[in-house]
Amino acid sequence: MSDGERVGVIAELVEQHYELLYRFAYRLCGSAADAEDLTQQAFLTAQAKLDQLREPAKARSWLLTIVRNSFLKGKRRQRFQLFETFDQLSHVDPDSELEGPVDAEELQTVLDEMPEEFRTPIVLYYFQELSYKQIADQMEIPIGTVMSRLSRGKSFLRGRLLHRLGDDAPLPTAVDP
Amino acid sequence: VNHPTDKPTLREQLDAVRPDSDDLRDADLHEAARAVEASEQWQQTLARQEAFDRQVAAAMQAVEVPEGLQSRLMAALVDARHQGDESDVDTPQPAEPPQKPPTRRRTILQVAAVAASLLLAIATGWLLLPRDVVQLTLEETRQQIPATDGAIDAATIARLPAFDERNFAFELPDPAWERTSLMVDRLKGLDWTGDGRHDGAIYEFTVGRRVHGYLLVVPASRISDPPASTRLSASNLGYLPVPNTAWVNPTTKLAYICYVDQGDLQTLQRLLYPHAA
């Protein structure tokens, strides 16, 4: 591939996918500045590794994987978090129903409260609409672990969103700093 | 709480099912499928869960994308290309990317600085240019762009120094060019008279995803036979060192020579001036 062709391909990838990548990155990290950095890093990596993209139809998935990997690498040092409080908050009536649409900012607030191990599969499930098998494959963890994290993550989401839409009694912080 | 390595509970299996999918046919979710098939209560549970999933999925996509992000990304990519950036997927540094793109504020300041320089140049007048200025013919000027074997030499251009603006201030040809990726801080300077001041500026641009090229910008006064055209025209071509077209902005008195190495001049003209006759 000539330099001119590479430039054209990268420009096309940016034009087609930059909004998707930014939104995905934002849901993962919860910060506009970090999301922009992640998006930029993803395209820089894509530019450097463009020869790895054999099938253009898979560009979307490839780019999203780069974003997720970059995010996880950055988070590796923050892996160990306290889960007891998270589990306590996860115990809500699983059949509780939300009334009305979910507010996008409230959703991000709740995602930010989740430990990364739960947030990533939740974002992959809802944002990318990946199956539990695909999530297991992407995160390189067992299927049973994905199901458990999805279930606990959804329970936490439901509980926090119900709480935010319902009474205003304060809840303890889900993840201690 | 169920341990992750244990067999998933019925509830966990149901939580793994995506709305409007065939997931329940998976062997891993066999128990959940049987429960839903046999029990109205589980059917209702699944329906409530799917309604919740749809609400969350809709909100998940609702993220506002910052203005100017695409331009900043393109600028960072061009910068990385020029610096031979070796970004590594295994060692990403999302918190501190190797090259920060120009922020919107910085870009605005740069554009403002260029605009101020231009106003100053106009105010002081082109009369202040030295009378004994060295002139080239248009054909000679066209060939000042670094090129090798009939192709623009991008690597050499990348190594050129930043344009110094001492002889003239750079200005885009017209407002249509604002649609190109604005990389004012990456303007390169060419000194062909050897006096240590830049005689020409080289502006690298992309338009959409189809056209990439360079503008060589020179004061029209430096060309002994400046082009008669006053805007880009793909029907008015020079051919050395690569196909190009030249024109003069009558207001700024800057001459532009446009070279395209990705796409072609006809496409560039159509993209920049879609409503032109």
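Predicted model: local features only at pLDDT ≥ 70, side-chain atom pairs only at ≥ 80, totals over all residues.
## Basis

Local features need pLDDT of at least 70 and side-chain atom pairs count only at pLDDT 80 or more, whereas totals for chains, interfaces and linings use all residues. Residues are numbered from 1 along each chain as its sequence is written, chains are lettered from A in the order in which they are written, and side-chain values use heavy atoms, without hydrogens or water.

## Strand E4 of chain B

Strand E4(B), residues 200-207, has eight of its eight residues buried, that is, under 20% relative accessible area with a 1.4 Å probe, protein chains only; strands here are DSSP runs (E) of at least two residues. Gly200(B), Ile202(B), Glu204(B) and Thr206(B) point one way from E4(B), while Ala201(B), Tyr203(B), Phe205(B) and Val207(B) point the other way.

E4(B) pairs in the antiparallel sense with strand E3(B), residues 188-190, over three bridges, where pairing requires at least two DSSP bridges, and Ile202(B) is the bridge partner of Lys188(B). Strand E5(B), residues 211-219, also runs antiparallel to E4(B), joined by seven bridges, with His212(B) opposite Thr206(B).

## Interface of chains A and B

The contact (heavy atoms within 4.5 Å) takes 68 residues from chain A and 60 residues from chain B. About 5800 Å² is buried between the two chains, 61% of it on carbon and sulfur atoms; this area is the accessible area (1.4 Å probe) lost on putting the two parts together, summed over both.

Three salt bridges are counted between the chains, each a side-chain nitrogen of Lys or Arg within 4 Å of a carboxyl oxygen of Asp or Glu. Asp26(B) and Lys133(A) meet in a salt bridge at 3.8 Å, N to O.

Methods
Buried < 20%, exposed > 50% of the residue type's maximum accessible area, 1.4 Å probe, protein only. Helix = DSSP H or I, 4+ residues; strand = E, 2+ residues; numbered from the N terminus.
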